[in-house]
Amino acid sequence: MAFRFASLVLFLHLLHTLMLVEGDGSNVIRLNTKDDHGHDVRHNDHATQTGHVHSHHGHHSSSSTNPKDPQLMVFYMLPDLIVGKVMPIHFPNRHLSPSQLLSKQEADNIPFSLTELPNLLRMFSFPQGSPQAIAMESTLQECEVKPIKGETKFCATSMQSVHEFARDIFGFDTQYKTMTTTHLKNPPSGRLQNYKVIEISQNIPSPKLVACHTMPYPYAVFYCHSQQSENKVLMVTLEGEDGDMVEALSVCHMDTSHWSRNHVSFGMLGVEPGMTSVCHFFPSDHFVFIPFSATM
């Protein structure tokens, strides 16, 4: 029952979003799926090179540490989150279309491994060395990297697999809720801008959570991971300088001592592993599951 309810909530959120587009259309690649898997899928070139910025492994190219890269403007330290404070934040104009979601049966019939990449490129008609091929290779590499100490990770190729992973983490009978970022007025502009912190509406200690991030691929792939440690899940009301109003999901990792020293957040914040908390805002196509018991 809990699984079906959580699936419905998340599916309704995905239905609420539009086709996946990226900012002003600059610096993007397109991953075109087969006709029955949707139309255009676009991902920013930064994601092609680095996977997602929330990974704890630190497998990033040198360009990902560029402080001018707007996509990295999602990190902060918990003491810096104060009502009234203005923070530069980047929310990509990127959404997931339900047409990109495969059923578990469809997804399980498509190989998903780095060793199968040549066959996959032929399947999707992507030339070796093309931006699409590079994006797929990056995603497969990220999915096959061993988890850090205390972390459980899984790349899910269907929503059913996402929820199976969550049930493995929480236990079959545990009810859990979906949390994500919602833009209340208009879709995000996709540009870096200043946001004022209006309210911190929720601050939930959650030692156990599952965070899922979309990855660049011809169909929906979710990099889901869980690390049982001291975490805080926050919902923050933000007002952008362009009038954008956001109920922003943020997760704070209070113990970063096992993270890679090369993780991009440390360079952005000027800290080292274990020195301080690392928090980050989530774009609207990423989400977190937490047990209902954590909210009581």
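1. Helices α4 and α5 are oblique to each other, where oblique covers the angles left over once those under 35 degrees (roughly parallel), over 145 (roughly antiparallel) and 65 to 115 (roughly perpendicular) are set aside. Helix α4 spans residues 117-124 and helix α5 residues 131-144, and they pack at an angle of about 140 degrees with their axes 11 Å apart; the axes are lines fitted to C-alpha atoms over the stretch in contact, and angles run from 0 to 180 degrees between N-to-C directions. Helices here are DSSP runs (H or I) of at least four residues, and strands (E) of at least two, numbered from the N terminus.

2. This is a predicted model, in which local features need pLDDT of at least 70 and side-chain atom pairs count only at pLDDT 80 or more, while totals for chains, interfaces and linings use all residues. Residues are numbered from 1 along each chain as its sequence is written, and side-chain values use heavy atoms, with hydrogens and water left out.

3. In the contact between the two helices (heavy atoms within 4.5 Å), Leu117, Leu120, Leu121 and Phe124 of α4 meet Ala133, Met136, Glu137 and Leu140 of α5.

4. Thr182, in strand β7 (residues 182-183), is partly exposed with a relative accessible area of 29%, a class lying between buried (under 20%) and exposed (over 50%), judged with a 1.4 Å probe on protein chains only. Leaving aside residues up to four places away in sequence, Thr182 touches Met245, Val246 and Glu247. Thr182 and Ser284 are 102 residues apart in sequence, yet their C-alpha atoms are 6.1 Å apart in space.

5. Gln227, by contrast, is buried, at 10% relative accessible area, and lies in strand β10 (residues 221-227).
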